[in-house]
Amino acid sequence: MKIVFTGISAVPYAREYLSNAAATLRQRGHQVFVPHEGSWEPPEEPAAANRFDFEATYQALREADLLLAILDEYTVDDAVAAQIGAFHALAREGERPRRIMGLLHDTRVAGWSWAGGDRALNPQIRESIHEFGAVYPNFYAALAALETKGAPA
Amino acid sequence: MKLYIAGPLFTPYHRAFHQENVKRLRQAGHECFVPQEQEHNAHESKSVPEQVFQVDLAGVQWANALVALLDGPDVSSGTACEMGIFYELAQHDPTKIGLLGILTDERPRRRDSSNVGESINFFTLGCMLKAGAVYPSVEGVIEHLARWEKEVAQKVAQAVAEGAPETLV
């Protein structure tokens with residue numbers, strides 16, 4: 001499956017988290033584009049720099065079957081929100097089946113132990129995701145859902 | 001030196017970054033109070049805000065210096081509050097040496113178009129710069145702490161040389 005995996009790219013440790021999780025997806029046979037890596041192939045040091053390129057990212061969104069988006073912070077990162085919006089439009093208007101999955105770790109939004117779930121997310125973001133998928137409390141829950149449900153319906 | 005480690009701890013990657021920094025600081029010989037290591041911040045915690053405040057406040061009161069992670073679209077509100085408390089305590093407590101920041105975030109740097117520091121709220125940044133400095137990684141913090149330790153040692157030696165009993169300095 002072709003997956004765009006996005007999240008906060010402004011700090012090195014968030015990029016590292018994304019790139020490590022992307023590596024797990026690649027090991028399982030998926031093609032993964034991470035915006036800060038700038039291509040479908042990871043660079044030598046994936047988290048060392050932010051190699052974001054708008055055209056490459058938009059093209060990847062057009063090609064992808066799935067958008068996996070990290071939704072952390074009090075409000076979802078603006079680049080992530082824009083990518084969800086673009087992918088939602090592609091999913092609605094295009095003929096290919098596509099899915100959107102969200103990951104929400106942030107305890108300020110979801111509560112400790114995910115007691116609040118995704119209900120505090122901005123409704124526009126939340127509904128955009130729910131129309132084509134769901135929000136999960138961590139990467140491994142999303143991975144389990146991905147492997148259970150497989151390719152887009 | 002006894003350090004209070006302030007910063008957002010709301011995602012696995014925040015916590016991993018703190019953990020790595022704390023490991024480096026402890027290797028450099030410092031004692032660290034780390035909020036995410038306290039029971040009230042563990043997952044499954046049923047702590048109420050008053051408990052969190054009380055435990056972490058005791059950590060701020062205990063520390064000789066505060067090391068704050070300033071990342072985020074804005075400095076975390078808890079971090080900013082802890083900085084303010086520490087700054088005020090330091091006005092009356094000579095064992096409180098200062099505050100040091102770590103800033104890795106590209107977003108505030110992008111806002112700093114004229115390089116005069118408007119990337120972070122002026123009050124918050126002013127509090128930090130008046131009593132310390134901001135660095136892009138923990139390495140700069142470790143070097144700064146070493147300078148502070150040397151300065152403190154020199155002051156103690158001078159006071160002893162001037163006749164002050166060592167137990168009082």
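Chain A and chain B share 3 salt bridges (a side-chain nitrogen of Lys or Arg within 4 Å of a carboxyl oxygen of Asp or Glu). One of them joins A:Arg15 to B:Glu106. Their closest N and O atoms are 3.0 Å apart.

This is a predicted model: local features need pLDDT of at least 70, side-chain atom pairs count only at pLDDT 80 or more, and totals for chains, interfaces and linings use all residues. Residues are numbered from 1 along each chain as its sequence is written, chains are lettered from A and ligands numbered from 1 in the order in which they are written, and side-chain values use heavy atoms, with hydrogens and water left out.

## The contact

Chain A gives 20 residues to the contact and chain B gives 20 residues (contact means heavy atoms within 4.5 Å). The buried area is about 1700 Å² (accessible area, 1.4 Å probe, lost on putting the two parts together, summed over both). Carbon and sulfur atoms give 59% of that area. In chain A, A:Ala10, A:Tyr13 and A:Trp112 lose the most area to chain B, together 40% of what that side buries.

## Aromatic pairs

Over all chains there are 7 aromatic pairs (ring centres of Phe, Tyr or the six-membered ring of Trp within 6.5 Å; planes under 30 degrees apart are stacked, over 60 edge-to-face, the rest tilted). A:Phe54 and A:Tyr58 are stacked, 6.3 Å centre to centre with 5° between the planes.

A:Phe139 and A:Tyr140 pair edge-to-face, at 5.2 Å and 75°. A:Phe5, A:Phe139 and A:Tyr140 form one aromatic cluster.
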